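Hello,

Here is the structure we talked about passing on. Please have it open while you read the notes below.

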Protein chains: 4
Amino acid sequence: MHEEPTSLTPAAAQALAERVAEGMYARDRASQGLGIRIVRVAPGAAELTMTVRGDMVNGHAICHGGFVFTLADSAFAYACNSHNANTVAAGCSIEFLASARLGDVLTARARERVLSGRNGICDVDVANQNDETIAVFRGKSARIRGHVT
Amino acid sequence: MHEEPTSLTPAAAQALAERVAEGMYARDRASQGLGIRIVRVAPGAAELTMTVRGDMVNGHAICHGGFVFTLADSAFAYACNSHNANTVAAGCSIEFLASARLGDVLTARARERVLSGRNGICDVDVANQNDETIAVFRGKSARIRGHVT
Amino acid sequence: MHEEPTSLTPAAAQALAERVAEGMYARDRASQGLGIRIVRVAPGAAELTMTVRGDMVNGHAICHGGFVFTLADSAFAYACNSHNANTVAAGCSIEFLASARLGDVLTARARERVLSGRNGICDVDVANQNDETIAVFRGKSARIRGHVT
Amino acid sequence: MHEEPTSLTPAAAQALAERVAEGMYARDRASQGLGIRIVRVAPGAAELTMTVRGDMVNGHAICHGGFVFTLADSAFAYACNSHNANTVAAGCSIEFLASARLGDVLTARARERVLSGRNGICDVDVANQNDETIAVFRGKSARIRGHVT
């Protein structure tokens, strides 16, 4: 059943966000396979972490930008779906500021910025273990039919 | 040694692009691990393919956008480095037009659009086995020191 | 009345594109005020021109990027609406490759790349009088209710 | 003469930001001509306002997106140059969330998000007089030689 986010107490909204994340993660083989872990979720926000593995390194001996993107995109998905309304990515942009290297522990912090009807904007920063920002990501979300759990 | 792209015959530029791609791919554990294969390269262009596997599926039962992005980003990298000058991604944007599903065979076609000094723009279209465009990607490249091979 | 684009002969689609552009331009005080002129339109395409005036110059003595964007955005609008279905911009990105200067004659060439349901992608290149590309623009369009004329 | 931002007291950095903005605005015929006014500047931040005039309206009877972009782009420029190091836009993206209409008073708030070497990311939100966000803008800046004043 769908609870309207606006009618929820903060505690209930938080509980819903956690329940949605658990349900999503259980089916999210992609994030699981990359070793992505959920550090925390909240209504409209998510923090995920991933360690750069040997199979994520590209021809320049640095982490393939695709995996940095994927971590950010996962954080975006958990933040946007935290209200339990099915939401997908319409488009994303990413700016790469520094390289990630083998063994780096990356953290992506996603936060919804604006919701306007069915469309939303979510910003994600990706930092390494030294708290250096290595990428900034912006996702445009579109709410579709149905609920996550 | 670096051959200036502009001084090459078309055949030599094509041979160089192929040699660079082979050298990059041999070290590109990321693309190898995802089953990405190079269909063809040419000066300023590349075509890569990837089949959507079970470990690429996300919580909505469709291919995680991160893997579609990664395929496009790899095609971008092979196109931009085809002149043998080391080139990295400064930023990228992707628009998702349709979902990719388990078993779909995706093809990314990258083509350099503009080179302006050390900066370039490269467009990549990603289509499925029915030649339906599922995503369009634009990468901004920055040439750095050194050569690929 | 609305003619379905797909049912039109090429000549009728061209005539419709021209009629729509005339109707739009007559109400388009923004483009008129900037001296933007329509060079040609076709189904899914448009070419517009603008000369950089003294009141378009910014604090760095070069054309304010906003006017380069506006020219590209107008070309995007004429291309997307050429089928006579009301279409608006959902979002745009622009990469600036070279400066435009006072007196430069800029040409924006827009071309629809993909249509997927109500959403589309349109690419616009902006060049100066020496045919040097100064900016590349990508617009994401959304079709809304109604027709242009 | 150039003062290194990092060596300045907060009061001196603020005074520098104000002095730079005054110098830029005096030469910024583009912003002046559009009626753009600077509400406030601070190190790495700027707030600008603009009223939608009759000559900013497009064929859909709403403010041409180009002028919303131009306001955001100006705010971006004042924020990025506030440290007195010449900085230009490498690229920008904008998402349009709601229309601006004739007579609307728009406010753009720009804030530097990340600086990484010569490159930076600056986010700008554009709101109307009802504090409704109508667009979000992200600018990528590149520092070049020289100082603003």
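**Where the chains meet**

Five bridges link β3(A) to strand β3 (residues 85-96) of chain B, and the two strands run antiparallel. Note that this is a predicted model. Within the pairing, A:Cys92 sits opposite B:Ile94 of β3(B).

**Strand β5 of chain B**

Next, look at β5 (residues 119-127) of chain B. This strand is mostly covered, with seven of its nine residues buried.

β5(B) pairs with strand β4 (residues 105-116) of chain B over nine bridges, in the antiparallel sense. One pair to find is B:Val114 with its bridge partner in β5(B), B:Ile121. β4(B) and β5(B) make a hairpin with two residues between them. In that turn, B:Gly117 has a positive phi of about 65 degrees.

β5(B) is also joined to strand β6 (residues 133-147) of chain B, by nine bridges, and these strands run antiparallel. Here B:Val126 stands opposite B:Ala135 of β6(B). The hairpin of β5(B) and β6(B) has five residues between the strands. B:Asp131 in that hairpin takes a positive phi near 65 degrees.

Best wishes

Methods. Residues are numbered from 1 along each chain as its sequence is written. Chains are lettered from A and ligands numbered from 1 in the order in which they are written. This is a predicted model: local features need pLDDT of at least 70, side-chain atom pairs count only at pLDDT 80 or more; totals for chains, interfaces and linings use all residues. Two strands pair if DSSP finds at least two bridges between them. Helices (H or I, at least four residues) and strands (E, at least two) are DSSP runs, numbered from the N terminus. A residue is buried if 20 or more other C-beta atoms lie within 10 Å of its own, exposed if 12 or fewer, and partly exposed in between; C-beta atoms are placed from the backbone.
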